[in-house]
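Good morning, and thank you for making time for this presentation.

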Amino acid sequence: MPGSPGPTTGTSSARSLGQLASEFGLEHIGSLDGIEITGVTLSTGDLHPGDLYVGVPGAHRHGAEFADQAREGGAVALLTDAAGAEIAKESGLPVILVDSPRAALGDVSAWVYRTNEHAPLLFAVTGTNGKTSTSYLLEGILKQMGLVTGLSSTAERHIGDLTVVSRLTTPEASEMHALLARMRESEVRAVAVEVSAQALSRNRVDGLVFDVAGFTNLSHDHLDDYADMEEYFQAKLPLFQPDRAVRGVVSLDSPYGQRVVEASRIPVTTIKVVPPITEGTDDADWSVEILDEQAAYTEFRLSGPEGRSLVTRVPMIGWHMAADAALAIVMMVEGGFELEAIGQALDEDGGIVAYLPGRTERVSGDRGPSVFVDFGHSPDAFLNTLKAVRRFTPGKVIMLFGADGDRDTTKRPEMARVAAAGSDILVVTDHHPRFEDPETIRKTLVDAAREAYPEHEIHEVSPPEAAIRAAVALAGEGDSILWAGPGHQDYRDIRGVRTPYSAREEARAALREAGWAE
Ligand SMILES: CC(=O)N[C@H]1[C@@H](OP(=O)(O)OP(=O)(O)OC[C@H]2O[C@@H](n3ccc(=O)[nH]c3=O)[C@H](O)[C@@H]2O)O[C@H](CO)[C@@H](O)[C@@H]1O[C@H](C)C(=O)N[C@@H](C)C(=O)N[C@H](CCC(=O)O)C(=O)O
């Protein structure tokens, strides 16, 4: 079942529905006598027999409309609001009433799954860019320290060595707690969780208190969901309050970092790259100095209080990846690990060992142009990745990208301008058009780039299969192609249909066809 962590296997025993109602002081309709629940879900798509189905009023439908389907799938009760109870009154399911099912979901799930009994060390990472990278790097370094780890990220969820597909960056609270219960059964000791602003706005991490919360940066994104940057910024702040995290590590590399520090009500440690990326920020507790940038790795020195320091390598390109790795290390230090022990473990392996699917992932071999596939889809992400690629590219930098349909449209012109400014050649193509006309999206991008850089070489090629082949045909030995946007994803959303598609596979095929790879 995609996205579902699956049922727990029994070490988390069933809980009495009557006890749940009395524990939370909740009213109910129908008898709860003898009813046992083994899980919680708010989606019939993720339902397991024995679940409590939570009927949430959604953007499109009230979840209670699916109560019959839930009962047929094995749900033993419904938790919903008064409107939901009215909708589901013929379902035959006993109903527990709450004012806001979404707001109740986290605490109820934590109780059902006993999440806070023997909880692993919990790390949360938030920010516009670098959430996935920092989470994977945390997981990688924790593994190098010999721990059994868990991961919840945009790309994948990991329970030890088992991989579960991700649908949302941060799963709904019921799925999150079920995931943590599975992790406990697998004796996971430390978990890295990517926390989106949407997750904080929609109660998806309720019922959890993270040991350490990390902030990467904030820049233009998600203005389809938030009225402006200020509202988007404010959505991040609840993570840095005592009911959500014990301590925080905040990067000062974006101007918003300083404001996160000021608004936090938990002890916060700061980190920043030197020389600074953002002028005028305070000195940070920890600093990151980039020592060497190569196509295969970035080497950096991390220096902190009391003369502590380490030098290591992250197997990714760009200062921003070193910043993410350093943030992960300082989060571990705040989580109780000794910097010296971390340094020793990394030295034994020649640096950090982590594979980040579709994060400036090099898909080319030794011959021909270097080709990188990246997930970055904001102006800031484009800027950093293009700078990194430029640094080790002796020849031309070709930027291939498109923009998301039915998502923040205001960032498109800036994406195009940044893409043109940092490249020698632009190839504009399609990404997920969703319900928008792909040609119109491409036109916005091409027009914005042309207006800002009239002399720039721009090609408009659709579909992306043809665009990557066009980019490869324009490239030679010593050149680089950066394909920004699709990253790890294995589909394209075209008019609501997820068509199987992998940019990484397409890029490899294009290189083979051009004779650059076997
Ligand atoms: C805007 C938003 O967050 N929407 C989420 C919301 O959908 P919705 O309110 O439209 O739900 P609905 O279709 O009205 O259905 C109402 C309820 O009925 C249930 N239902 C519905 C149909 C059915 O057959 N069975 C069923 O049980 C649904 O699970 C839901 O609980 O509840 C759904 C169920 O959990 C989510 O899948 C859905 O996320 C959608 C897919 C989404 O795209 N969310 C984005 C905005 C998001 O959260 N993005 C961030 C991105 C972060 C980043 O890029 O950094 C993320 O964390 O992923």
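I shall go from the confidence and the domains to a record-annotated segment, a helix and one further residue.

This is a predicted model, in which local features need pLDDT of at least 70, side-chain atom pairs count only at pLDDT 80 or more, and totals for chains, interfaces and linings use all residues. Residues are numbered from 1 along each chain as its sequence is written. The chain has a mean pLDDT of 94, and 98% of its residues reach 70 or more; pLDDT is the predictor's confidence in each residue, from 0 to 100. The model scores are ipTM 0.94 and pTM 0.90. Where pLDDT is low, the predicted coordinates should not be read in detail.

The chain is divided into domain 1 (15–113), domain 2 (121–348) and domain 3 (361–513), with bounds from an automatic or database domain assignment. Between domain 1 and domain 3, the C-alpha centres are 45 Å apart.

Now to the annotated segment. An unreviewed UniProt entry gives the annotation "binding site" to Gly127, Thr128, Asn129, Gly130, Lys131, Thr132 and Ser133. UniProt positions are in the numbering used here, feature names are shortened, and annotations may be inferred rather than shown by experiment.

Where is glycine 130 found? Glycine 130 sits in the loop between β8 (121–126) and α5 (131–144); helices (H or I, at least four residues) and strands (E, at least two) are DSSP runs, numbered from the N terminus. Glycine 130 counts as buried because it has 31 C-beta neighbours inside 10 Å. The term buried requires 20 or more other C-beta atoms within 10 Å of a residue's own, exposed means 12 or fewer, and partly exposed is in between, with C-beta atoms placed from the backbone. Leaving aside residues up to four places away in sequence, glycine 130 touches Thr216, Asn217, His320 and Asp324; contact means C-beta atoms, placed from the backbone, within 7 Å.

Threonine 132 lies in helix α5 and is also buried, with 27 other C-beta atoms within 10 Å. Its contacts beyond four places in sequence include Ser153, Glu194, Arg359 and Phe375.

Turning to helix α10 (residues 319–334), 16 of its 16 residues are buried, so the helix is largely enclosed by the rest of the structure. Glycine 336, with a positive phi near 115°, follows α10.

Finally, arginine 417 belongs to helix α13 (residues 412–422). Is arginine 417 buried or partly exposed? Arginine 417 is partly exposed, because 18 C-beta neighbours lie inside 10 Å.

Terms used
Contact = placed C-beta atoms within 7 Å.
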